Amino acid sequence: MRHAKEGTDLALELVMSTQVPAPQRRVLLVVNPASSRASRGTDAALAVLERANLEINRHPSPDGAGALAALIRTHADEVDCVVLGGGDGTLNCALPALLETGLPLGVLPLGTANDFAASLGLPSAIEEAAAVIVGGELRAVDVGVVNERPYLNVASIGLVTEINRAITPERKQRYGAFAYAITAFESWQRMRSFRVELQDADGTIRSLRTRQVSVANGPCQGGRVVFPDNTLSDGLLDLYSLRADTIWRALKGLAALRLGTAHASPHVTIGRGPRFGLTTRRSMAIFADGEEIAHTPARFEVRPCGLNVYVPRAAIV
């Protein structure tokens, strides 16, 4: 408890030293209690927000599809911003209401991988992330859209779908971010490659066999930087298709993506543009931000500067 308080004091001292008043005063705070770090991080974050004299309207995370979005819509006229504690899945559930109401978003990265938070440059320490909500900058970031459903980070078919279906909360709690790597290896062993047709923004169609196709709005996926040249404000989507027939070649392909050499890799097909089309022989589920949100055939688009979110000062997003 002493270390937590010292961390909170340090975070507040850092914020107050900027002498910049918080632009928003009334906060709707919702924390997903099932998030891997919720039990340890909620009180620490709340202490930072309360000591900054924010008026906090705290609600438990509701159950059921669409319930979080409905909660935000209900309280939209009573608050100036929404603060969400959880992982990418929690943020995705809230996204339709955030876009509809125009309320700014503050993120407490309490999930496992926290890809969107990492793309924003948020610190992993919860006290420091809360301090960003108090004294950070408000920036407009892009939002991905697939079949008219919005997403924040990466939408995928194939291997990632199998991973999301197989991974369990118990495994996340036990292994943290490594749970994704373990489940990815197991899922790879079970699944087969499939054929897709990719349509680029200029109408060019590419037919190929793959294990996974991902269309990214941000640079991170599964706790790792996979698209180093991608940002959340460039108005573009990045696509990659993993063609490897063994897991070792797949790892080489992913390494090439991280190193920026995927254009020369025989295991990866890449693309960049404001929109893509994707067709498969049979309808396949599309997972985005850890949630199943659509099915193929799919049309991917980017909504430039669609969401306002708090980020660290001078952060590059």
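At what angle do helix α2 and helix α6 pack, and how far apart are their axes?

Modeller: This is a predicted model, in which local features need pLDDT of at least 70 and side-chain atom pairs count only at pLDDT 80 or more, whereas totals for chains, interfaces and linings use all residues. Residues are numbered from 1 along each chain as its sequence is written, and side-chain values use heavy atoms, without hydrogens and water.

Helix α2 (residues 38-51) packs against helix α6 (residues 126-135) at about 35°, with 8 Å between the axes. Helices are DSSP runs of H or I, at least four residues, numbered from the N terminus; axes are lines fitted to C-alpha atoms over the stretch in contact, with angles from 0 to 180 degrees between N-to-C directions. The crossing of α2 and α6 is right-handed (near helix turned clockwise from the far one by less than a right angle).

On the α2 side, Gly41, Ala44, Ala45, Val48 and Leu49 meet Ile126, Glu127, Ala130, Ala131, Ile133 and Val134 of α6 (contact: heavy atoms within 4.5 Å). These contact residues comprise nine nonpolar, one polar and one charged; Gly counts as polar and Glu as charged.

As for the cores, the largest nonpolar core holds 52 residues, of which Ile72, Val107, Phe116, Leu120 and Leu307 touch the most other members. Such a core joins buried Ala, Val, Leu, Ile, Met, Phe, Trp, Tyr and Cys residues through side-chain atoms within 4.5 Å, buried being under 20% relative accessible area with a 1.4 Å probe, protein chains only. Helix α4 (residues 88-101) supplies the largest share of this core, six residues. Apart from this core lies another, of 24 residues, including Ala155, Leu159, Val196 and Met284. Beyond its neighbours within four places in sequence, Leu120 contacts Val107, Val141, Leu232, Val309, Val311, Pro312, Ala315 and Val317.

Definitions and conventions: Helices (H or I, at least four residues) and strands (E, at least two) are DSSP runs, numbered from the N terminus. Buried means under 20% relative accessible area, exposed over 50%, partly exposed in between (1.4 Å probe, protein chains only).
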